Amino acid sequence: MSGRIFRFAPSPNGFLHLGHALSALHNQHHAREASGALLLRIDDIDQGRTRDAFETAIFEDMDWLGIDFADDIRRQSEHLADYDQALQILKDEELVYPAFMSRKDIRDHIAEQEAQGTVWPRDPDGAPLYPGQDKQLSKIERNRRIADGASFNWRLDMDQALARIAGVVTWQEEGAGPEGETGNLVARPDQWGDVVLARRDAPAGYHLSVVIDDVVQEVSDVVRGRDLFHATALHRVLQELLGLPVPRYRHHRLVLGEDGRKLSKSRKDTAIRELRAGGLTPDDIARLVGLHSDFRP
């Protein structure tokens, strides 16, 4: 596929809400401005949470909104080998390690440190950084625990990753971050610590799968909400480590609820399907998310 390529990548783990409508309309608008193509990706790598009914609803909602996608639809669940291959490269380079601490172990360790006066670092989303004691385990001990059936995640060794990359990592931001950041931006992946890239029962988490998917689908422009602005630093590190091409990034504002938080499927915020069942039109949806008529098909 030639020309500029954009993508919309919802997860079929709930019904789409106004925030998804905003992102889909942004992607279609910029794809048309660039005379490019818009792809649909089904982010169904977490099979425990996905449902066929939710995937069907994605197609129905997008068709009703008038969003035109190219025919090449990628379902992550059909391409697990792609993620496993990328993870294996990072394993071979000793840039990931098996992390055995459970969520309770992490909470208890951090609570103990904070009780002693330590200010524990947190990532841009507010989650505490992983303690990382597992990095001190020998290969023999790691293999023994894995052979014994211990639960673990594969985490990126951020210190090793940054040591491997020569120079400053940047990205081209054509939208704006939460503080108005735009232009050629310097990535700060160190703020994330040792993030999970894959779980024992899943070949990849979001951060690894998204960079692989974008390469396979030849995505040139990533248009998404500002809630993922800081995660771009992680994605840039993985692109550097794996020798992948770098797309342009454009982050747009979010649709917020009355409580000031971004909309969420997990909190069952009003779904597009409920709004259209209530008699709203696609133009009404565009107005609700604050877009002018130029963004409508």
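# Close-up views of cores, sheets and ring pairs

**View 1. Leaving aside neighbours within four places in sequence, L90 is in contact with L95, V96, L197, L238, L241 and L242.** Contact means heavy atoms within 4.5 Å. The model is predicted, with local features requiring pLDDT of at least 70 and side-chain atom pairs counted only at pLDDT 80 or more, whereas totals for chains, interfaces and linings use all residues. Residues are numbered from 1 along each chain as its sequence is written, and side-chain values use heavy atoms, with hydrogens and water left out. The largest nonpolar core has 41 residues, of which L90, L156, L197, L208, I212, L241 and L242 touch the most other members. A nonpolar core is a set of buried Ala, Val, Leu, Ile, Met, Phe, Trp, Tyr and Cys residues joined through side-chain atoms within 4.5 Å. Buried denotes under 20% relative accessible area, exposed over 50%, and partly exposed in between (1.4 Å probe, protein chains only). Two or more residues of this core come from each of α3 (80–92), β5, α6 (158–164), β8, α7 and α8. Helix α8 contributes the most, with six residues. Helices (H or I, at least four residues) and strands (E, at least two) are DSSP runs numbered from the N terminus. A second, separate core of 24 residues includes F8, L25, A286 and L291.

**View 2. Helix α8 spans residues 232–242 and is largely enclosed by the rest of the structure, because ten of its eleven residues are buried.** The buried positions are T232, A233, L234, H235, R236, V237, L238, Q239, L241 and L242. Just after α8, G243 adopts a positive phi of about 65°.

**View 3. L197 lies in strand β8.** L197 is buried, with a relative accessible area of 0%. Not counting residues up to four places away in sequence, L197 touches L90, V96, W154, R155, L156, A204, G205, H207, L208 and L238. R103 is 94 residues from L197 along the chain, and the C-alpha atoms of these two residues are separated by 16 Å.

**View 4. An open antiparallel sheet is formed by three strands in the order β4-β5-β8.** Strands β4 (96–99) and β8 (196–199) stand at the edges with a single partner strand each, so one side of each is left without a neighbour in the sheet. The twist from one strand to the next averages 30°, where axes are lines fitted to C-alpha atoms, for helices over the stretch in contact, and angles run from 0 to 180 degrees between N-to-C directions. Four bridges pair β4 with strand β5 (residues 153–156) in the antiparallel sense, and two strands count as paired if DSSP finds at least two bridges between them. Here A99 stands opposite N153 of β5.

**View 5. An open parallel sheet is formed by three strands in the order β1-β2-β3.** The edge strands, β1 (5–8) and β3 (74–75), each pair on one side only. Strands β1 and β2 (residues 37–42) run parallel and are joined by four bridges. The bridge partner of F6 in β2 is L38. Helix α2 (residues 52–65) lies across β1, β2 and β3 and runs at about 160° to β2. Helix α7 (residues 206–216) also lies across β1, β2 and β3, at about 140° to β2.

**View 6. Five aromatic pairs are present in the structure.** Rings of Phe, Tyr and Trp (its six-membered ring) pair if their centres lie within 6.5 Å; planes under 30 degrees apart count as stacked, over 60 as edge-to-face and the rest as tilted. The ring centres of F8 and F69 are 6.4 Å apart with their planes at 15°, so this pair is stacked. F8 belongs to strand β1 and F69 to the loop between α2 and β3, so the pair ties together parts that are 61 residues apart in sequence. F8 is buried at a relative accessible area of 4%, whereas F69 is partly exposed at 22%. The pair of F152 and W154 is edge-to-face, with 5.5 Å from centre to centre and 90° between the planes. F152 is buried at 7% relative accessibility, as is W154 at 15%. Ring pairs link F100, F152 and W154 into a cluster.

**View 7. The charged end of R155 sits over the ring of Y130, 3.8 Å from its centre.** A charge sits over a ring if NZ of Lys or CZ of Arg is within 6 Å of the ring centre and within 35 degrees of the ring normal. The charged end of R273 sits over the ring of F15, at 4.1 Å from its centre.
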